Amino acid sequence: MDSIIVTGNGPLKGQIPIAGAKNACLTLMPATLLSEEPLTLTNAPRLSDIKTMTTLLQSLGAEVSQLQDGQVLVMSSHALDNHVADYDIVRKMRASILVLGPMLARDGHAVVSLPGGCAIGARPVDLHLKALEAMGAELELKDGYVHARAPGGLRGGMVDFPIVSVGATENALMAATLAKGTTVLKNAAREPEIVDLAHCLRRMGAQIEGEGTHTITIQGVDRLGGATHPVVTDRIELGTYMLAPAICGGEVELLGGRIDLVGAFCEKLDAAGISVEETAKGLKVSRKNGKVRAVDVVTEPFPGFPTDLQAQMMALMCTAEGTSVLEEKIFENRFMHAPELIRMGANIEVHGGTATVKGVDRLKGAPVMATDLRASVSLILAGLAAEGETIVSRVYHLDRGYEHVVRKLVGVGAKIERVSDR
Ligand code: EPZ
């Protein structure tokens, strides 16, 4: 297993290109199962999660080829010769559950392993299953797998989600495009990745209205065609790298950054004393007048503050002036970065879903361990500003969601390198 060594090296300066969104690509790829025509995705990120989804689709009989160093994915599933998504693949990546809706909608049957939990929570899929049942699916749970059937095809239905779920909205949205009749998704997730999926499905011939609002209406069609679709910018990678100049000082321009994708996050940065300026190429971020002020954060579904930026924001708050209270309301166990930041001298108290951070003057480099994707990058951000050397181990977590993280940070003057475990 590799580690990343990062040493505090003062203010950052330069540009960081932002890639296509992992969480958009992971729902756009299964959409290929809805059509016998080719689906091409451009601006695809080069990540291990994308490789895992590629392996899963290929195991079902889809063809997936990566062009231009992985930035273009050409997929086609004119004939699926396997309808079982195996536990071995699904357990590696929960987003594998997103093949269930499309496979069921297209061929009337699918067997998908339950994904199981992960470090940040139990992560059930009951809302995915209830949505498909509302469209006439017959589901049976057996030996850790969901056996789904829709002999006469899915039919349009009314789905009223009790809580906002990104994945369940995506599964239902994709399934509804081929259901007979009209489906209404109420209390749907409004994340930009949902909007991006709807745009892609519409290019394939789907009839969808209301994406980005709480109610999405889908008129089923007999078949979908092929399309070429650019993956939307990754708002979580964007927010993550916006925090680098915020934590270290200096000025960094995030190429391809879009302010509409990070509205709530930018409000918090502004309150903390960080300047964000729109430029012709993206977003330029710098510290306004030296110190960072402590701000409170509550994670919420979009357009609220994203849970996927909570760990990174905590790293900034560790050396802010004052006390910050971070409330994690989406997942039940998403503070595993706190004990690691405490090893670096942070003053953090966690009680249930609330973390109270008292700013200290400076963190000190230390050996720390990545526990999940976003925790791993929050430790790197902390290490960028800490005194001395921080060694982050288990960086395979990082490879799931951040392409070329060392190269991108070296490009703006950070002292960071990746080493194979000694
Ligand atoms: C997506 O996960 C993202 N993953 C997550 O990003 C992100 O944190 C999350 O949305 C919230 O924004 C991908 O898009 C691949 P949810 P998802 O369904 O769809 C509960 C990252 O770091 N729930 O919106 O799994 C669930 O337990 C990852 O890139 C049910 O109870 O999230 C959670 O508490 C981490 N039953 C809440 O809803 C269900 O059937 C929100 O989960 C589904 C979810």
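Let me begin with the lining of the second largest pocket, to which α8, spanning residues 235-248, and α12 each supply at least two residues. Please keep in mind throughout that this is a predicted model. Of these elements, α8 gives the most to that lining, with three residues. In all, 17 residues line the second largest pocket, and those that lie nearest its centre are I247, C248, R287, T319 and A385. The space in this pocket comes to about 210 Å³, and when its lining is sorted by class, we find eight nonpolar, five polar and four charged residues.

The elements that give two or more residues to the shell around the ligand are α1, covering 22-28, α5, covering 126-133, α6, covering 166-176, and α12, covering 373-385. The largest share of that shell comes from α5, which contributes three residues. If you turn to the individual positions, there are 23 residues around the ligand, and the ones that come nearest are D126, L127, S165, D308 and I330.

What does the shell look like by class? It holds eleven nonpolar residues, together with five polar and seven charged ones. Both domains take part, since domain 1, assigned as 2-19 + 233-420, and domain 2, assigned as 22-230, each provide at least three residues of the shell around the ligand.

For N23, an N or O atom of the side chain is 3.0 Å from an oxygen atom of the ligand. For R94, the distance between a polar side-chain atom and an oxygen atom of the ligand is 3.3 Å. How much of the ligand does the protein bury? Taken alone, the ligand exposes 830 Å², and 86% of that is buried by the protein.

The largest cavity has about 50 Å³ of space, and its lining is made up of P45, R46, L47, I50, K51, Q66, D69, G70 and L73. By class, that lining has four nonpolar, two polar and three charged residues.

As for its setting, P303 is found in the loop between β18, at 297-298, and α10, at 310-317.

Methods: Residues numbered from 1 in each chain as written. Predicted model: local features only at pLDDT ≥ 70, side-chain atom pairs only at ≥ 80, totals over all residues. Heavy atoms only, no water. Near = heavy atom within 4 Å. Polar contact = N/O pair within 3.5 Å; in protein donor to acceptor, adjacent residues only side chain to side chain. Areas by Shrake-Rupley, 256 points an atom, 1.4 Å probe, with all protein chains shown as cover. Helix = DSSP H or I, 4+ residues; strand = E, 2+ residues; numbered from the N terminus. Nonpolar A, V, L, I, M, F, W, Y, C, P; charged D, E, K, R; others polar. Domains from an automatic or database assignment. 1 Å grid on protein atoms, 1.4 Å probe; cavity = no way out; pocket = protein on both sides within 12 Å on 5 of 7 lines; lining within 4 Å. Points joined across faces, edges and corners; volume = space filled by probe spheres on them.
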